[in-house]
Amino acid sequence: MIKAVSPTSAATKRESGGALGFYGVWLIAAAALVVLPLIFSSGGSLTSFSLIGIAIIFALSYNILLGQTGLLSFGHAVQYGLGGFLSVHVMNAVASYDWPIPLPVIPLIGGIGGLVFATLVGWVMTKRAGTVFAMISLGIGELVASSSLILRSVFGGESGITTDRTALPHMFGWTFGPQLQVYYLIAFWVMISAIAMYALTRTPLGRICNAVRDNPERVQFIGYDPHVVRYLAYMFAGFFAGIAGGLTAINFEIANSAYLGATQSGIVLFAAFIGGTAYFFGPILGAILVTYLQLGLTNVTTVWQLYFGIIFIGIVMFAPGGIAGILMKHRPLIRAGTLRTVIPSYLVAAIPTLALVLGIILTIETVARYTASEGEGNTINLVGIPFVATAPTTWAAAAVLLVGGFLVARITWRRVAEAWDRAATVARDRGYLA
Amino acid sequence: MAELIVISTLNGVLFGMLLFLLSSGLTVIFSMMGVLNFAHASFYMLGAFFGYQLTRWIGFWPALVLAPLLVGAVGMAVERYGLRNTHKHGHVAELLLTFGLAFAIEEIVSMIWGKSPMDYRIPAALDFPAFTVFSTNYPAYKIFMLVVSVVIFVALLITLKRTRVGLIVQAALTHPSMVGHLGHNVGRVFMLVFGVGSALAGLAGVIAGPSLVTQSDMAALLGPILFVVIVFGGLGSLPGAFIASLLIGLIQTFAVALNGSLASVFGPLDPSLGPSPLTDIWNVTIAQIAPILPYVLLVLVLIFRPMGLLGTRES
């Protein structure tokens with residue numbers, strides 16, 4: 001015990017000296033948002049950055065529910081979509097009545113749209129947590145999504161409602177016609193929303209949300225109503241989701257019923273969970289990864305959604321902390337200096353694991369080409385090697401990679417786990433808690 | 001009018017029984033294991049596609065037996081290699097696992113069979129009108145569906161309530177370690193329960209496939225309704241699920257059959273009003289709102305009776 005005390009205090013000292021580091025992270029993030037489009041200035045990357053920015057706000061707002069309050073929502077896109085629709089209607093109204101509302105304010109209106117809807121339905125929805133809440137959110141989501149096809153004058157039916165972002169009053173001479181200006185508008189809102197949501201986690205409300213997630217009964221004992229806390233969290237989440245929806249409406253100049261649908265709700269759940277819900281930056285990583293995969297994989301493969309599903313299942317089963325969880329697990333090891341004892345086992349495990357992953361990809365692609373997409377030619381180009389989907393050699397190669405990779409990888413994974421245990425024990429002995 | 005009522009009642013009961021066949025498997029799994037299986041509707045879809053494929057290879061009757069067994073095997077594998085390992089992370093992790101699975105199954109099915117509807121036909125032996133009501137021929141296949149659903153339901157109830165197997169299964173839920181000490185393999189019991197629940201969904205798929213449409217979005221269409229059924233009936237309550245299934249089946253069939261709108265009852269609005277939410281609501285027919293009725297029902301029951309119709313637990 002005594003041996004452990006002094007390094008622990010050293011560690012806390014380093015922690016308290018981290019105020020500079022803390023603001024540094026935000027400053028670096030802000031600088032990165034400003035500089036990124038100057039480095040990658042092509043139209044494609046600007047579009048990607050804009051989408052990623054919106055996805056970050058949306059995923060962070062989702063994490064107010066899932067990560068911080070423990071509410072698993074299957075209908076979060078409702079607030080996002082309604083925020084988008086309200087923004088489009090307001091934008092059209094501003095343009096036709098010449099109201100003095102500039103475009104940068106519009107996302108706030110989207111946020112209010114999400115907030116109002118969350119306030120209306122939230123009280124009933126947040127009565128109970130857990131699986132019941134999950135199903136109710138699914139039901140409300142379906143209700144709104146199906147109603148949107150009936151109320152054609154509000155939601156524009158199948159085709160949606162269009163708008164023109166340049167028709168609004170200009171601000172500082174910005175027309176918001178070029179994608180670069182829209183990007184900076186999105187980046188501005190990403191920064192504001194992220195800071196606001198981070199600050200929210202530091203407030204007493206944010207803390208009591210965590211307590212409601214972990215043990216609602218005890219929260220009741222200390223005099224708070226978990227239902228009210230969940231309701232407040234739901235409203236905040238709805239507000240920020242609405243901001244994301246408003247930004248999407250500005251970005252695409254359209255809102256349609258797909259914004260409200262189950263697919264959109266599913267993708268934000270994927271993003272938040274794959275990134276990791278236990279840390280604030282988890283959903284940011286997830287949003288970047290999922291948007292990037294969405295954009296990147298659609299060009300490469302027809303079955304990109306299947307890869308999504310597989311990644312998601314893999315994360316749920318093997319790394320419930322998500323990417324952020326995996327990264328943060330290494331922090332005590334880095335501090336204790338024992339990470340280098342683990343890295344060799346990683347390198348050894350990487351080879352069969354890579355073979356397994358290639359096997360999975362080859363199998364999926366072979367089946368996909370063999371069965372459904374006949375017209376697209378059946379040659380698969382994997383890491384530079386062409387495979388013909390109908391050839392028996394391809395099937396054999398896929399099977400060897402899949403089965404062989406799995407059998408060898410399983411042995412190496414065990415070694416990784418052993419090396420991990422040793423390194424973590426040493427780190428714990430030196431006072432760096434995992 | 002009488003014709004409409006009789007036909008709609010028949011169809012509603014039929015759809016309700018199919019819903020019940022599905023929600024019974026879901027309810028059993030939920031009340032036994034506490035797992036809300038998001039992929040249940042996907043097992044139903046797998047049943048329909050396996051049924052279609054096996055019917056093409058070996059005929060309908062062998063497919064009727066084999067396809068549910070295959071789906072049951074898939075379900076058991078999911079329990080053994082997925083849910084069992086996820087259990088330590090809690091029920092939300094299990095729910096997420098089945099959510100990812102539902103997503104993956106939909107993609108795999110559309111990858112193998114494509115996105116267009118399958119040509120899954122009613123077997124020739126059952127392709128004749130059973131009886132005629134008000135000059136409408138009522139197909140024998142629908143009667144067959146009804147009979148299968150009722151038989152399965154009765155068998156399930158008897159097994160759970162009256163047999164030794166049911167006794168062990170129910171005990172394994174409340175006192176797993178005691179059941180384990182008595183020499184029963186609790187893990188295997190759970191695996192079998194999950195397998196049987198999935199097989200029930202698969203069976204529903206095989207028999208519903210030719211009657212409804214067999215295509216890769218059929219799980220996404222039916223999945224949310226199933227959750228409405230079990231929340232509406234009360235989580236974990238088999239009789240509640242039964243009542244809720246029939247009710248939702250009837251409501252939806254009647255709504256589809258009715259063509260009335262506010263405009264048809266009170267006369268159209270002044271056309272000078274132009275398109276607005278008011279005219280939308282005025283002109284929408286009951287048939288058009290049929291898809292949202294179950295969800296309206298869900299919201300209402302949650303406001304006035306949060307535990308569902310026959311549910312006993314608040315959460």
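Helix α6 of chain A and helix α14 of chain B cross in a left-handed sense (the near helix is turned anticlockwise from the far one by less than a right angle). This is a predicted model, in which local features need pLDDT of at least 70 and side-chain atom pairs count only at pLDDT 80 or more, while totals for chains, interfaces and linings use all residues. Residues are numbered from 1 along each chain as its sequence is written, chains are lettered from A in the order in which they are written, and side-chain values use heavy atoms, without hydrogens and water.

**Helix pair across the chains**

- The axes of α6(A), residues 130-150, and α14(B), residues 293-304, come within 9 Å and cross at roughly 135° (axes are lines fitted to C-alpha atoms over the stretch in contact, with angles from 0 to 180 degrees between N-to-C directions).
- Contact (heavy atoms within 4.5 Å) involves residues including A:I136, A:E142 and A:L143 of α6(A) and B:Y295 and B:L302 of α14(B).
- These contact residues comprise eight nonpolar, two polar and one charged.

**Interface of chains A and B**

- In total, 41 residues of chain A touch 48 residues of chain B.
- About 3,800 Å² is buried between the chains, 82% of it on carbon and sulfur atoms (accessible area lost with a 1.4 Å probe, summed over both parts).
- A:R128, A:M135 and A:I150 supply 17% of the area that chain A buries against chain B, more than any other three residues.
- Zero salt bridges link chain A and chain B (side-chain nitrogen of Lys or Arg within 4 Å of a carboxyl oxygen of Asp or Glu).

**Helix pair within chain A**

- Helices α4(A), residues 77-97, and α5(A), residues 106-125, pack at about 130°, with axes 7 Å apart.
- That angle makes α4(A) oblique to α5(A).
- The crossing of α4(A) past α5(A) is right-handed.
- Among the residues in contact are A:L82 and A:L86 of α4(A) and A:G113 and A:F117 of α5(A).

Definitions and conventions:
Helices (H or I, at least four residues) and strands (E, at least two) are DSSP runs, numbered from the N terminus. Angles under 35 degrees count as roughly parallel, over 145 as roughly antiparallel, 65 to 115 as roughly perpendicular and the rest as oblique. Buried area is the accessible area (1.4 Å probe) that two parts lose on being put together, summed over both. Ala, Val, Leu, Ile, Met, Phe, Trp, Tyr, Cys and Pro count as nonpolar, Asp, Glu, Lys and Arg as charged, and the others, Gly among them, as polar.
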